[in-house]
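Dear colleague,

Please find it below, followed by an account of what was found in it.

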Amino acid sequence: MSHSVRLAVIDGMPAWAVRVVQPDRFSEVRCILEPRVFKLPQGALFAVNLQLFDVPEQPYFIHRVLDLSDPEVVAHLDLCGRTGRLVIAFDTVGQAVGYNRTLELDGGRWQLLLKEGQAFNATVQVQGQASLDAFLEVFLPVSRERGVKAGWGAVGERYPAP
């Protein structure tokens, strides 16, 4: 399976590689990692909204949605929960030098959401790619126009929690 999210482990810590034009602009800014589980008829997904407040009232968003039927994803999210950290490996699409930044996260919340998603998957016939496709079909048009939280809201309305 190919991931649009490049999952990695750096020095024993879970990591995501992120490509941006000016990575240095995010080196010292306030960050928020907001996780959420979505339970679609085809299976559970773990979504994360990373907000980087380089501009105080207009944060830069990095959104990830992960298929909880993928063992590699589950292992990575479990490591996030156990360590309480996520390394963001800022790569560049320009000339600037990339770097790694370690973010703190609420490990207990991540593990709870992971278990919730796995428990839901045990009750349905999981079709991971179909679940991702259904999520993105609703999420992408709304999020492009009104942002990640509005996209999450649209998915929640289309697929209310059972």
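Strand S5 is mostly covered, six of its eight residues being buried. Please bear in mind throughout that this is a predicted model. S5 pairs with strand S4 in the antiparallel sense, over eight bridges. One of the positions to look at is Leu 50, whose bridge partner in S5 is Ile 62.

Strand S4 also contains Asn 49. This residue has a relative accessibility of 0% and therefore counts as buried, the cut-off being under 20%. Apart from its neighbours within four places in sequence, Asn 49 is in contact with Ile 32, Leu 33, Glu 34, Phe 61, Ile 62, Val 148, Lys 149 and Trp 152.

I turn next to the nonpolar cores. The largest one has 29 residues, and those with the most contacts inside it are Leu 33, Phe 46, Leu 68, Leu 77, Ile 88 and Trp 110. At least two residues of this core come from each of S2, S3 (31–40), S4 (43–52), S5 (60–67), H1, S6 and helix H2 (107–121). S4 gives the most, with five residues. For Trp 110, again leaving aside neighbours within four places in sequence, the contacts are Leu 33, Pro 35, Phe 46, Val 48, Leu 77, Cys 80, Gly 81 and Leu 105.

The pairing of S1 with strand S2 (residues 13–20) is antiparallel and runs over four bridges. Within S2, Pro 14 is the bridge partner of Val 9.

H1 has 13 residues and reaches 18 Å from its first C-alpha to its last, close to the 18 Å expected at 1.5 Å a residue. Its buried residues are Val 73, Val 74, His 76, Leu 77, Leu 79, Cys 80 and Gly 81. What covers the buried residues of H1 includes S1, S2, S4, S5, S6 and H2.

Finally, there is the matter of the cysteines. How many disulfides does the count come to? The count is zero. A disulfide is a covalent bond between the sulfur atoms of two cysteines. Cys 31 is in no disulfide, and the nearest cysteine sulfur, that of Cys 80, is 15 Å away; the cut-off for a disulfide is within 2.5 Å. Cys 80 is likewise in no disulfide, with the sulfur of Cys 31 as its nearest cysteine sulfur. Are these two residues buried or partly exposed? Cys 31 is partly exposed, with a relative accessible area of 23%, whereas Cys 80 is buried, with a relative accessible area of 0%.

With kind regards

Methods. Residues are numbered from 1 along each chain as its sequence is written. This is a predicted model: local features need pLDDT of at least 70, side-chain atom pairs count only at pLDDT 80 or more; totals for chains, interfaces and linings use all residues. Side-chain values use heavy atoms; hydrogens and water are left out. Two strands pair if DSSP finds at least two bridges between them. A nonpolar core is a set of buried Ala, Val, Leu, Ile, Met, Phe, Trp, Tyr and Cys residues joined through side-chain atoms within 4.5 Å. Buried means under 20% relative accessible area, exposed over 50%, partly exposed in between (1.4 Å probe, protein chains only). Contact means heavy atoms within 4.5 Å. The expected span of a helix is 1.5 Å times one less than its number of residues.
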